[in-house]
Amino acid sequence: MNETSLKKSLSKLKFGGLRYFDSIGSTNDEALAWAAEGAADFSLVVADEQTQGRGRLNRKWFTPKGSALAFSLILHSSEAMRPYLSRTVGLAALSIAESCSKTGLDPRIKWPNDILIDGKKIAGILVETVWSGDELDSLVIGVGINVHRASIPPRELLQFPATSLEHELGRELRREDILFGVLDSLVRWRERMGRDEFIKAWEDQLAFRGQQVQTFAGTDIPVMGELLGLELDGSLRLLDKHRNSVVVRFGDVSLRPSA
Ligand code: BT5
């Protein structure tokens, strides 16, 4: 992948701007700075390698040279999107899942921001925001996808098993084609963010539905229950052992070890 091959593969999409880097600290940092300087809607930052890739809560995201997709998309919060901003991570997750499905794989969304194939992490999403005063100005959707086998980090560096698209499919892929697939899907889902079918499609792809899970949301005490689905704002709905519905707004979800 290089700037020329990328621009060629993405030529059907209308970008506000496009910046490509052979190597960068973090595409999200670049996109946040660009958005603060007034980047146009649907501007994209792509890098072949990240040296300071970030996950949530200051966790690290590995993007070795020549092997993965690392990009950040800047979206302006349009009037139509504004009531549904809490669905933004779903917009990215659905778009990644849909484009993975088109390669023949069966992806699942581990709420809120991981994409799994066969129970292993293939992609992660980091949504960040840029404010002007009290108004939300732009959203930055950062996405890392493991494409070639060399993108899979060593097991000892991870809390959760990882895989790559090529490993799961057993054939070679072009990163540019995967990126086109994700963005093309995102353009379509963005227009439907406010619809019920959006929540339905997102819910249909959730990992662990109907299973006993635990979620950790900032404390050591897990919230446990059966994973039922999503609220309209994208929060997770569980059924606890007293048969009460519990809503989880943030955190990490995993299968309950003893369940
Ligand atoms: C995420 O965080 O999964 C969000 C990752 C977002 C990365 C993109 S790349 C483009 C843009 N620029 C950035 O700087 N970031 C975004 P979280 O759920 O916190 O998961 C982080 C955890 O995933 C780490 O603690 C590792 O255990 C694991 N991990 C790191 N790199 C991985 C990889 N390449 N594949 C699978 N797991 C990984």
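Strands here are DSSP runs of E with at least two residues, and helices are runs of H or I with at least four, numbered from the N terminus. This is a predicted model, where local features need pLDDT of at least 70, side-chain atom pairs count only at pLDDT 80 or more, and totals for chains, interfaces and linings use all residues. Residues are numbered from 1 along each chain as its sequence is written, and side-chain values use heavy atoms, without hydrogens and water.

Click Asp118 in their hairpin: its phi is positive, near 55 degrees.

Glu128 has Val140 in β7 as its bridge partner. In this hairpin, with two residues between the strands, Gly133 has a positive phi near 65 degrees.

Now show the ligand. Its shell draws at least two residues each from α2 (27–36), β3 (68–76), β6 (120–132) and β7 (135–146). Of the 30 residues around the ligand, Ser26, Arg54, Arg59, Lys121 and Asn146 come nearest; near means a heavy atom within 4 Å.

Zoom in on the ligand's oxygen atoms. A side-chain N or O atom of Ser26 is 2.7 Å from one oxygen atom. For Arg54, a backbone N or O atom lies 2.7 Å from a ligand oxygen atom. At Arg56, the corresponding backbone distance is 2.9 Å.

How values were computed
Polar contact = N/O pair within 3.5 Å; in protein donor to acceptor, adjacent residues only side chain to side chain. Pairing = 2+ DSSP bridges.
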